[in-house]
Amino acid sequence: MEIKNLKKVADRIKKAIKYKERIILYGDADLDGSTSVIILKESIKNLGGQVACVYFPDRESEGYGITRIALEKLAKYKPALFVALDCGIANFKEVKQAKDMGFEGVIIDHHEVLDKLPPADIIVDPKQKGDKYPFKNLATAGIAFKLAELLLAKKLTDSLRRNFLELAALATLADMMPLQEDNEKIVEEGLSYLETSWRPGLRVLLDLEQIQDLGLREKVSKIISFLNVRETENGAPACFISLTMTDKDEAKEFAEKLFEKSIERKQVVKSIVEQVKLKNDFNNPSP
């Protein structure tokens with residue numbers, strides 16, 4: 001049994017590749033959204049297709065999900081097949097706006113469905129009404145992995161499959177999805193490949209001197225905290241940049257940068273917590 005509309009999306013993407021239509025991949029800027037974009041982008045590339053644009057909204061300046069600001073920036077690509085990953089299920093006005101602009105909208109999401117669905121052309125979300133797929137708690141990267149299996153079929157090499165599972169495992173853990181059924185299989189298999197990954201961005205993170213005394217699960221937890229730094233560079237989140245790097249030296253330099261940012265973030269959080277505690281103690285003195 002397949003997730004509702006998953007084959008329909010696979011067929012639509014294949015058609016877009018065949019007729020050289022523009023394809024936009026629009027992902028949430030966290031680890032789940034980024035890995036979902038990577039899995040789909042690399043699947044399209046392996047089918048001989050190209051992605052015209054990859055876009056991640058800046059939550060601070062644009063907000064969450066599909067945004068009006070983003071659509072205005074992307075208007076130059078219309079007409080195009082617009083694929084939203086890990087967002088979009090609650091963007092009713094924005095999806096309509098995209099459609100009115102000349103985009104054909106596809107939503108691949110795992111968040112809770114509201115009372116109605118946005119007016120996208122195709123929606124994939126295991127939680128939507130009428131979806132009989134038994135497991136409802138996949139991360140979007142898990143859904144993207146299943147889409148890659150349909151898209152690539154016999155062209156999905158063992159090496160590529162293993163690597164996509166690595167990414168899906170990281171996203172599943174990062175989004176704290178329940179480790180049951182599909183997710184348990186994805187995480188167990190994906191983590192078993194992690195230490196031999198061909199992605200420089202993953203290898204250098206695993207090799208960071210600061211985490212060498214930890215076990216694999218603890219290392220992965222640390223890596224997720226590094227990759228989930230939300231600062232963007234050139235419009236892409238840190239995790240997307242790191243996981244798509246091809247040069248080991250550049251990846252190592254970037255990994256060290258992520259580690260430092262993670263330490264800085266912890267210090268900021270600690271300072272805020274201490275300030276709140278002092279304020280509460282001041283306002284509520286002990287008798």
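I take helices (H or I, at least four residues) and strands (E, at least two) as DSSP runs, numbered from the N terminus. On that basis I find 11 helices and seven strands in the protein chain.

This is a predicted model, with local features needing pLDDT of at least 70, side-chain atom pairs counting only at pLDDT 80 or more, and totals for chains, interfaces and linings using all residues. Residues are numbered from 1 along each chain as its sequence is written, and side-chain values use heavy atoms, with hydrogens and water left out.

Burial next. I call a residue buried under 20% relative accessible area, exposed over 50%, and partly exposed in between (1.4 Å probe, protein chains only). Of the 287 residues in the protein chain, 50% are buried.

Then the cores. A nonpolar core is a set of buried Ala, Val, Leu, Ile, Met, Phe, Trp, Tyr and Cys residues joined through side-chain atoms within 4.5 Å. The largest has 74 residues, and Ile13, Leu40, Ile108 and Leu147 touch the most other members. Helix 6 (residues 158-174) gives this core its largest share, nine residues. A second, separate core holds 21 residues, including Tyr26, Tyr55, Tyr77 and Phe103.

I looked up Glu166, which lies in helix 6. Glu166 is buried but has no salt bridge (a side-chain nitrogen of Lys or Arg within 4 Å of a carboxyl oxygen of Asp or Glu). Arg199 is its nearest side chain of opposite charge, 5.4 Å away; Lys and Arg count as positive, Asp and Glu as negative, with His and the chain ends not counted.
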